[in-house]
Amino acid sequence: MTMQQRLEAIGPRLRRQIARLYPDHDTDAVWRRVEAMLTARAAERPAPLLALDRAREADPDWFVRPDMLGYSTYVDRFGGTVDGVAAHVDHLEALGVRYLHVLALLKARAGDSDGGFAVADYLSVEPRLGTMADVERLTARLRDSRISLCVDLALNHTADDHEWAKAARAGDPFYRDFYMVVDDAEAVARNAELPQVFPTTAPGNFTYVPEMGGNVRTTFYPFQWDLNWRNPNVFFAMIDAGLRLANHGFEAFRLDSTAFLWKQAGTNCRNLPEAHYIVRGLRAALDIVAPATLLKAEAIVPTAFVPPYFGMDEGDGFEPECHLVYNNSLMVAGWVGLAEGSAQLPAAIVAASGGLPPGANWLSYARCHDDIGWGAVLGDLRGLDDAPEERLIAAARFLNGEGDSWARGKPFQADGSTLHGSNGTLASLAGLEAAATDGEREAAFRRIALLNALSIASGGVATTYMGDEAGLLNDDSYLADPERAHEGRWIHRPAMDWAALDGAAAKRITGDLIALRDARIASGGAGGPAALATDDPAVLGIACGSDRVFLNFGDRAAMLPATGRDRLTGAVCGQVPAWGVAWLEG
């Protein structure tokens, strides 16, 4: 299809979002402005990306394939610079990566920037990392290797030193309306009804800014000013930024904090319908101008709230939203399962993760750059247990190393007596840091493979966080950096140790990862998972393509429902060892 044909076919869907979001504005006037912007960005799209658009329009499920595995990393932690990332594409190729998510790439505010998520310029690269020209060379190199580059697009807020925020501080009424400012009384009233994202390091949801004459809405950190999406100029500016970035070669956007976009008094300001209309509008714009591009929702919400992020039918036909959504609950459930020695919660999440709409997929992972947010599975656990908070606090304490635990996690935004999060690398959380004997090391390797198998067998874009393939341990060096010392998540964001890839731990973990990848490709498994019944409460069964995968969360061997040939070992087996995986053919 040509861009004009896509505009005619998809334009009505985009207009609907505009009408829903801005009923008090002239929809025709807003649409004319958006249409002109779409036409301009389409005219600027480079020829190689137009060719990619055509190829992916012909194969719309290209990202729902057994070989769609991912990798996530901070640019500076992985390669130092954008060019440094390009120098290590061979490592990604060896892992079978098809999707690369680079964190903290766009220009961030000076000083503390929440790990790069306080963006000062959406259209510039962080200067110490390189330039947009470097990015364009990297994307060309990655396309040659069939790897799609993903960048973070922070939709909820800008940095307080973004040009829009600077203009607002200076009194420009146009840009002042890009943000939300309230008096003291309203700030107090709203704080009483709103939960807090960072209750220890950034309590509250507002920050007093004298130049703004009141309290600026700051859901996350005080230097991250929430955007006022009730203003159609914000809608226009952010969609324009996304299209321009797509034209630089980015093939996917991780939409940061999508659940928080729309603010409404009397609610918790999470998962409101208007937040979905915003994302559907961005999806429609990209489908018109840059259809090769994926949207991925960082919707760290209970499983019941996730389906709308894939899209919905509200009476005008199905309206697609995000191609990918993080299966965060599956990651959390995996750690709960290990802490408890039980497959109960992982099985419930797997069962709830099936039935995806066409053209949609999960993004799954064992660990990521963020903490393990225990509250994400509270809703799921309430259906299984009358005291879910106590159960999750117990799991968190175990992962934080209490008692006879083999885990070495650290509490995040909590002292361990309340429910919030836990930090740590995959290896440290799984017991490799604490292992003192060969037997303990073997157990840790099995637990690492178990969680990677949970991610891979579940059919989504299974993504490895940088360093986890090398077995890197918790890194306390961040404590010596004044700009990072307050942020405990840096403990699991170490710099890549390239020499470690030659070590025994890395060879074992990487070997297991590749074996799991090859097993999934052979099975033909992709997309939403399906749970299989087992006779042991410690064993989780997953149907992956033509195969049956069994994961033992317990510390003892368990019998399988049936015998079969294990793709991972080549042997016929009828049981799965402690913390083991059996991937049975057929």
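Buried, in this talk, means under 20% relative accessible area; exposed means over 50%, and partly exposed lies in between (1.4 Å probe, protein chains only). By that cut-off, 61% of the 586 residues in the protein chain are buried.

A word on the source. This is a predicted model: local features need pLDDT of at least 70, side-chain atom pairs count only at pLDDT 80 or more, and totals for chains, interfaces and linings use all residues. Residues are numbered from 1 along each chain as its sequence is written, and side-chain values use heavy atoms, with hydrogens and water left out.

Now the overall fold. Take contacts next, meaning heavy atoms within 4.5 Å. Among those with a separation of 6 or more, 71% join residues 24 or more positions apart.

On to cavities. On a 1 Å grid over the protein atoms alone, a cavity is a set of points where a 1.4 Å probe fits but cannot get out; lining residues have an atom within 4 Å of a point. Points join across faces, edges and corners, and volume is the space filled by probe spheres set on them.

How many cavities of 30 Å³ or more does the search find? It finds 10 in the whole structure. Of its 14 lining residues, the closest to the centre are Leu69, Ile456, Ala462, Thr464 and Leu513. Elements giving two or more residues to that lining are β1 (69-74), α18 (438-457), β20 (461-465) and α19 (504-523).

Methods:
On a 1 Å grid over the protein atoms alone, a cavity is a set of points where a 1.4 Å probe fits but cannot get out, and a pocket is an open set with protein on both sides within 12 Å along at least five of seven lines; lining residues have an atom within 4 Å of a point. Helices (H or I, at least four residues) and strands (E, at least two) are DSSP runs, numbered from the N terminus.
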